[in-house]
Amino acid sequence: MTRAIIKSGQVSENRKARFNYSIEDTIEAGVSLTGAEVKSIRYGLVTIVDGFVSARDGNLVLKNIVVQPLPTAAKIVRFDERRGRQLLLHQNQINRLIGKLSEKGATIVPLKLYFNSRGKLKVLLGIGYGKNRTDKRETIKRREWDKEKSRIIRGKNVK
């Protein structure tokens with residue numbers, strides 16, 4: 001395997017989340033994983049684009065993220081790639097997030113997956129509401145105008 005092992009820093013980012021949702025608040029949480037999953041994540045074999053958080057039995061579970069097993073791993077340490085992974089938060093944070101989930105249109109999505117300075121895996125969760133088509137168009141217009149503005153300031157040729 002020729003991939004670099006990530007000791008600390010960002011592993012994966014969900015760039016579509018900020019486009020599809022208007023994020024109001026963020027919170028950092030730990031994730032309960034097995035050893036084989038952590039090793040796969042250190043090699044960058046994880047996708048969080050389709051991930052979301054749901055409440056189950058008074059806990060929050062991160063669902064639909066894909067952690068691929070290492071191709072060199074033994075058959076014994078295989079795991080379910082899409083299983084729900086429990087989030088590690090304080091009880092008052094869990095209660096607050098479950099209250100947010102009960103609001104109409106609210107969702108919690110993973111924005112980033114990273115290792116902190118102590119080597120612990122953390123996920124940055126965004127609490128947001130889905131954007132409609134016109135809001136997405138406004139986001140695109142604003143992004144293109146910012147690009148155009150920076151070109152003008154730098155003195156480059158404008159279209």
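## Rings and charges

Rings of Phe, Tyr and Trp (its six-membered ring) pair if their centres lie within 6.5 Å; planes under 30 degrees apart count as stacked, over 60 as edge-to-face and the rest as tilted. Under this rule there are zero aromatic pairs.

This is a predicted model, in which local features need pLDDT of at least 70 and side-chain atom pairs count only at pLDDT 80 or more, while totals for chains, interfaces and linings use all residues. Residues are numbered from 1 along each chain as its sequence is written, and side-chain values use heavy atoms, with hydrogens and water left out.

The charged end of Arg42 sits over the ring of Phe115, 4.1 Å from its centre (NZ of Lys or CZ of Arg within 6 Å of the ring centre and within 35 degrees of the ring normal).

## Largest pocket

The volume of the largest pocket is about 160 Å³. A pocket is an open set of points on a 1 Å grid over the protein atoms alone where a 1.4 Å probe fits, with protein on both sides within 12 Å along at least five of seven lines; lining residues have an atom within 4 Å of a point. The volume is the space filled by probe spheres set on the points, which are joined across faces, edges and corners.

The lining consists of Arg15, Arg18, Phe19, Thr139 and Arg143. α1 (15–20) supplies its largest share, three residues.

## Nonpolar core

The largest nonpolar core has 25 residues, and Ile41, Leu87, Val123 and Leu125 have the most contacts inside it. Such a core is a set of buried Ala, Val, Leu, Ile, Met, Phe, Trp, Tyr and Cys residues joined through side-chain atoms within 4.5 Å.

Terms used: Helices (H or I, at least four residues) and strands (E, at least two) are DSSP runs, numbered from the N terminus. Buried means under 20% relative accessible area, exposed over 50%, partly exposed in between (1.4 Å probe, protein chains only).
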